[in-house]
Amino acid sequence: MSGDSSSSTNTCLGYASRLSAYPHKGVTGLPEREDTARVLKPKLARLAELVRSARGVVALTGAGISTAAGIPDFRGPKGIWTLEDEGKKRKRRESKNGTSRRRRRDDDEDVSGASFESAAPTTTHMALAALAEAGKLTLCATQNVDGLHFASGLPRAKLAILHGCVFTEKCEACGSEYVRDHDVGGISFKPTGRACDEPCGGVLRDTVLDWEDDLPEEEWDRTEAAFRDADLALCLGTSLRITPAADLPLSAKRFVIVNLQETPHDRQAALVIRAKVDAVMSFLLAELNLALPPAPAR
């Protein structure tokens with residue numbers, strides 16, 4: 001489904017509606033759990049120790065770091081894929097029972113979400129920008145398409161965008177990127193109807209991946225290299241269920257998971273923290289004597 005920059009395509013749900021039908025989205029709707037204060041305290045101290053002693057730190061971020069900005073996730077209790085699965089199960093039950101029950105609300109109304117354009121970077125986005133500024137974070141690889149890492153001021157050189165960005169269009173001829181202030185629409189590298197400002201005048205295309213699209217080679221190659229070289233990988237707000245990005249932490253010397261739901265790699269992690277990622281990153285910055293910078297104007 002090709003989109004435009006109208007309000008119907010501005011939310012996370014609008015982006016999801018552009019994706020092709022795909023039957024293998026994986027596990028959804030797992031329960032969320034939070035560590036008790038007694039359990040959490042030593043974990044946070046251990047996290048600070050690991051980051052402080054690491055020569056190179058990388059991060060992998062998922063939809064869970066943007067929920068505090070009002071953008072819905074995909075696999076949480078009210079995630080987009082979770083609600084989609086629940087809707088399919090409900091329809092099967094209704095069909096089996098031979099009845100047509102009136103739903104309390106439309107599926108679209110079950111997914112609340114901020115506009116991508118109006119959402120502001122969260123504490124976690126800004127904390128990663130601070131770690132990069134301090135020279136601690138060598139690369140942040142993100143699975144998110146919401147552009148909030150751009151908005152945080154994280155340098156592009158330290159940001160790998162694995163699944164594309166709804167705000168970004170790219171020249172097919174010279175590779176120049178343009179980050180707009182609106183969702184450029186489209187999916188799977190469709191022409192956006194604009195041309196490159198460089199002398200090549202090349203066609204600009206969207207950058208957002210559809211389900212079976214290959215990851216951008218340049219972004220993927222530098223991400224793989226950074227994770228292989230890293231002493232520590234921080235997996236923040238990601239379910240680690242979408243490959244190949246989900247397997248990146250396994251190549252780092254150690255990795256930490258901060259997520260409210262269990263992930264397939266919990267047992268291999270040096271540390272698993274069940275807490276809201278903003279609170280964890282606030283603590284980490286305080287322990288490292290780094291200030292949380294104000295978010296730049298969007």
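This is a predicted model: local features need pLDDT of at least 70, side-chain atom pairs count only at pLDDT 80 or more; totals for chains, interfaces and linings use all residues.

Residues are numbered from 1 along each chain as its sequence is written, and side-chain values use heavy atoms, with hydrogens and water left out.

**The chain as a whole**

- The chain has eight helices and ten strands; helices (H or I, at least four residues) and strands (E, at least two) are DSSP runs, numbered from the N terminus.
- Of the 298 residues in the chain, 50% are buried, where buried means under 20% relative accessible area, exposed over 50%, and partly exposed in between (1.4 Å probe, protein chains only).
- Among contacts (heavy atoms within 4.5 Å) with a separation of 6 or more, 64% join residues 24 or more positions apart.

**Helix α2**

- Helix α2 covers residues 37-53, 17 residues in total, and spans 24 Å from first C-alpha to last, close to the 24 Å expected at 1.5 Å a residue; the expected span is 1.5 Å times one less than the number of residues.
- Its buried residues are Leu40, Lys43, Leu44, Leu47, Ala48, Leu50 and Val51.
- Viewed down the axis of α2, these buried residues fall within an arc of 160 degrees, so they line one face of the helix; the arc is that of the directions from the helix axis to the C-beta atoms.
- Arg38, Lys41 and Ser53 are exposed on the other side of α2.
- The buried residues of α2 pack against β1 (57-61), β8 (232-236), β9 (255-258), β10 (271-273) and α8 (277-287).

**Thr61**

- Thr61 lies in strand β1 and is buried, with a relative accessible area of 0%.
- Thr238 is 177 residues away from Thr61 along the chain, yet their C-alpha atoms are separated by 5.9 Å.

**The largest cavity**

- Residues lining the largest cavity include Thr142, Asn144, His149 and Phe150; lining residues have an atom within 4 Å of a point on a 1 Å grid over the protein atoms alone, and a cavity is a set of such points where a 1.4 Å probe fits but cannot get out.
- The largest share of this lining, three residues, comes from α6.

Methods: On a 1 Å grid over the protein atoms alone, a cavity is a set of points where a 1.4 Å probe fits but cannot get out, and a pocket is an open set with protein on both sides within 12 Å along at least five of seven lines; lining residues have an atom within 4 Å of a point.
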